[in-house]
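This report goes through a few local features of one protein model. Please look at the sequence and the structure below before reading on.

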Amino acid sequence: EFRRVLFRSNIAIGKYSSWTQQNGCNNIGIGSNALGKNCGSGNIAIGLKSNYSNYQTGGNNISIGDCALFYNKDGNDNIALGRFSLLCNLYGKCNTGIGFGALDNNTLGCNSIGIGCAALANNTIGNNNIAIGNTSGCLIFSGNNNVVLGSNNGAWVENTSNNVVIS
(Lines give C-alpha, C1' and ligand atoms only; values in the text may rest on other atoms or scores of the structure.)
Protein backbone atom coordinates (compact mmCIF):
# COMPACT_ATOMS: atom_id res chain seq x y z
CA GLU A 1 0.00 0.00 0.00
CA PHE A 2 1.39 3.38 -0.97
CA ARG A 3 0.39 6.45 0.96
CA ARG A 4 2.09 9.78 0.55
CA VAL A 5 1.60 12.12 3.47
CA LEU A 6 1.18 15.53 1.92
CA PHE A 7 1.85 17.45 5.10
CA ARG A 8 5.30 19.07 5.06
CA SER A 9 7.17 16.84 2.62
CA ASN A 10 6.69 13.49 4.38
CA ILE A 11 6.60 10.18 2.53
CA ALA A 12 4.93 7.07 3.94
CA ILE A 13 4.84 3.67 2.25
CA GLY A 14 3.12 0.81 4.05
CA LYS A 15 0.02 0.15 6.08
CA TYR A 16 -0.27 2.73 8.88
CA SER A 17 3.14 4.18 8.09
CA SER A 18 3.31 7.72 9.57
CA TRP A 19 -0.30 7.14 10.54
CA THR A 20 -0.64 9.92 13.11
CA GLN A 21 1.90 12.26 11.51
CA GLN A 22 1.63 15.76 12.96
CA ASN A 23 3.95 18.74 12.95
CA GLY A 24 7.03 16.87 11.72
CA CYS A 25 8.50 17.40 8.28
CA ASN A 26 10.93 15.76 5.88
CA ASN A 27 10.34 12.20 7.13
CA ILE A 28 10.39 8.91 5.26
CA GLY A 29 8.58 5.87 6.66
CA ILE A 30 8.65 2.57 4.76
CA GLY A 31 7.00 -0.50 6.25
CA SER A 32 3.92 -1.34 8.25
CA ASN A 33 3.61 1.15 11.14
CA ALA A 34 7.00 2.73 10.40
CA LEU A 35 7.00 6.16 12.10
CA GLY A 36 3.52 5.19 13.29
CA LYS A 37 3.15 7.98 15.89
CA ASN A 38 5.69 10.42 14.51
CA CYS A 39 5.83 14.12 15.45
CA GLY A 40 9.55 14.64 14.81
CA SER A 41 11.38 15.83 11.70
CA GLY A 42 14.15 14.49 9.52
CA ASN A 43 13.61 10.81 10.36
CA ILE A 44 14.09 7.79 8.11
CA ALA A 45 12.44 4.57 9.27
CA ILE A 46 12.45 1.34 7.27
CA GLY A 47 10.91 -1.84 8.65
CA LEU A 48 7.93 -3.08 10.63
CA LYS A 49 7.26 -0.57 13.45
CA SER A 50 10.63 1.07 12.94
CA ASN A 51 10.79 4.29 15.06
CA TYR A 52 7.14 3.64 15.88
CA SER A 53 6.59 5.71 19.06
CA ASN A 54 8.33 8.91 18.01
CA TYR A 55 5.49 11.10 19.31
CA GLN A 56 7.46 13.96 20.84
CA THR A 57 10.23 15.75 19.02
CA GLY A 58 12.74 13.02 18.20
CA GLY A 59 14.44 14.00 14.97
CA ASN A 60 17.22 13.23 12.54
CA ASN A 61 17.15 9.51 13.36
CA ILE A 62 17.79 6.61 11.01
CA SER A 63 16.23 3.27 11.90
CA ILE A 64 16.37 0.23 9.64
CA GLY A 65 15.00 -3.07 10.88
CA ASP A 66 11.86 -4.37 12.54
CA CYS A 67 11.19 -2.45 15.77
CA ALA A 68 14.45 -0.51 15.54
CA LEU A 69 14.13 2.63 17.74
CA PHE A 70 10.62 1.41 18.58
CA TYR A 71 10.05 3.41 21.80
CA ASN A 72 11.94 6.55 20.79
CA LYS A 73 10.20 9.69 22.11
CA ASP A 74 12.64 12.54 22.10
CA GLY A 75 15.96 10.99 21.09
CA ASN A 76 17.81 12.77 18.31
CA ASP A 77 20.61 11.91 15.90
CA ASN A 78 20.51 8.15 16.53
CA ILE A 79 21.31 5.36 14.08
CA ALA A 80 19.70 1.96 14.63
CA LEU A 81 20.49 -0.75 12.09
CA GLY A 82 19.13 -4.19 12.86
CA ARG A 83 16.06 -5.74 14.39
CA PHE A 84 15.41 -4.41 17.92
CA SER A 85 18.48 -2.15 17.85
CA LEU A 86 18.00 0.83 20.20
CA LEU A 87 14.55 -0.66 20.90
CA CYS A 88 13.91 1.09 24.24
CA ASN A 89 15.63 4.38 23.49
CA LEU A 90 13.47 7.18 24.91
CA TYR A 91 15.65 10.27 25.20
CA GLY A 92 19.14 9.05 24.28
CA LYS A 93 20.97 11.12 21.71
CA CYS A 94 23.82 10.48 19.26
CA ASN A 95 23.87 6.68 19.68
CA THR A 96 24.67 4.06 17.05
CA GLY A 97 23.42 0.48 17.38
CA ILE A 98 24.29 -1.95 14.59
CA GLY A 99 23.17 -5.56 14.89
CA PHE A 100 20.27 -7.51 16.35
CA GLY A 101 19.44 -5.98 19.75
CA ALA A 102 22.44 -3.65 19.86
CA LEU A 103 21.87 -1.04 22.60
CA ASP A 104 18.32 -2.37 22.85
CA ASN A 105 17.73 -1.34 26.49
CA ASN A 106 19.23 2.13 26.14
CA THR A 107 16.78 4.71 27.51
CA LEU A 108 18.79 7.81 28.44
CA GLY A 109 22.38 7.02 27.45
CA CYS A 110 24.10 9.25 24.92
CA ASN A 111 27.07 9.08 22.56
CA SER A 112 27.47 5.28 22.64
CA ILE A 113 28.27 2.81 19.87
CA GLY A 114 27.30 -0.87 19.94
CA ILE A 115 28.25 -3.04 16.97
CA GLY A 116 27.30 -6.72 17.03
CA CYS A 117 24.41 -8.85 18.19
CA ALA A 118 23.41 -7.60 21.68
CA ALA A 119 26.42 -5.27 21.96
CA LEU A 120 25.80 -2.93 24.93
CA ALA A 121 22.39 -4.60 25.19
CA ASN A 122 21.79 -3.61 28.82
CA ASN A 123 23.19 -0.10 28.70
CA THR A 124 20.38 2.13 29.92
CA ILE A 125 21.96 5.35 31.20
CA GLY A 126 25.66 4.94 30.42
CA ASN A 127 27.33 7.50 28.16
CA ASN A 128 30.29 7.46 25.78
CA ASN A 129 30.66 3.66 25.61
CA ILE A 130 31.93 1.67 22.64
CA ALA A 131 31.44 -2.09 22.30
CA ILE A 132 32.31 -4.08 19.18
CA GLY A 133 31.55 -7.81 18.98
CA ASN A 134 28.60 -10.05 19.71
CA THR A 135 27.40 -9.52 23.32
CA SER A 136 30.36 -7.20 23.87
CA GLY A 137 29.79 -4.96 26.90
CA CYS A 138 26.33 -6.45 27.32
CA LEU A 139 26.38 -6.08 31.12
CA ILE A 140 27.23 -2.39 31.18
CA PHE A 141 24.20 -0.67 32.71
CA SER A 142 25.35 2.75 33.82
CA GLY A 143 29.10 2.87 33.27
CA ASN A 144 30.66 5.66 31.22
CA ASN A 145 33.66 6.01 28.91
CA ASN A 146 34.25 2.28 28.36
CA VAL A 147 35.71 0.57 25.29
CA VAL A 148 35.10 -3.17 24.91
CA LEU A 149 36.39 -5.01 21.85
CA GLY A 150 35.78 -8.70 21.13
CA SER A 151 32.83 -11.05 21.28
CA ASN A 152 31.52 -12.13 24.69
CA ASN A 153 33.86 -9.67 26.34
CA GLY A 154 33.69 -7.15 29.15
CA ALA A 155 31.35 -8.94 31.56
CA TRP A 156 33.33 -7.69 34.57
CA VAL A 157 33.02 -4.05 33.48
CA GLU A 158 29.32 -3.84 34.42
CA ASN A 159 28.79 -0.41 35.99
CA THR A 160 32.31 0.91 36.22
CA SER A 161 33.79 3.66 34.09
CA ASN A 162 36.94 4.44 32.12
CA ASN A 163 37.88 0.88 31.13
CA VAL A 164 39.46 -0.56 27.98
CA VAL A 165 38.94 -4.29 27.40
CA ILE A 166 40.38 -6.06 24.35
CA SER A 167 40.35 -9.78 23.66
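## A side chain in a loop

The side chain of Asn 54 reaches the backbone oxygen of Gly 58 at 2.8 Å. A polar contact is a pair of N or O atoms within 3.5 Å; within protein, one must be able to donate a hydrogen and the other to accept it, and residues adjacent in sequence count only if both atoms are side-chain atoms. Asn 54 belongs to the loop between S4 and S5. Strands (E, at least two residues) are DSSP runs, numbered from the N terminus. With a relative accessible area of 0%, Asn 54 is buried; buried means under 20% relative accessible area, exposed over 50%, and partly exposed in between (1.4 Å probe, protein chains only).

This is a predicted model: local features need pLDDT of at least 70, side-chain atom pairs count only at pLDDT 80 or more, and totals for chains, interfaces and linings use all residues. Residues are numbered from 1 along each chain as its sequence is written, and side-chain values use heavy atoms, with hydrogens and water left out.

## Aromatic pairs

The whole structure holds three aromatic pairs. Rings of Phe, Tyr and Trp (its six-membered ring) pair if their centres lie within 6.5 Å; planes under 30 degrees apart count as stacked, over 60 as edge-to-face and the rest as tilted. Phe 70 and Tyr 71 make an edge-to-face pair, 4.5 Å centre to centre with 85° between the planes. Phe 70 is buried at 12% relative accessible area, while Tyr 71 is partly exposed at 40%.

The ring centres of Phe 84 and Phe 100 are 5.6 Å apart and their planes stand at 80°, so this pair is edge-to-face. Phe 84 lies in the loop between strand S6 (79-81) and strand S7 (96-98), and Phe 100 in the loop between S7 and strand S8 (113-115), so the pair ties together parts that are 16 residues apart in sequence. Phe 84 is partly exposed at 24%, and Phe 100 is partly exposed at 46%.

## A ring cluster and a charge

Tyr 52, Phe 70 and Tyr 71 are linked by ring pairs into a cluster. Over the face of Tyr 52 lies Lys 49, at 5.8 Å from the ring centre. A charge sits over a ring if NZ of Lys or CZ of Arg is within 6 Å of the ring centre and within 35 degrees of the ring normal.

Key:
Helix = DSSP H or I, 4+ residues; strand = E, 2+ residues; numbered from the N terminus.
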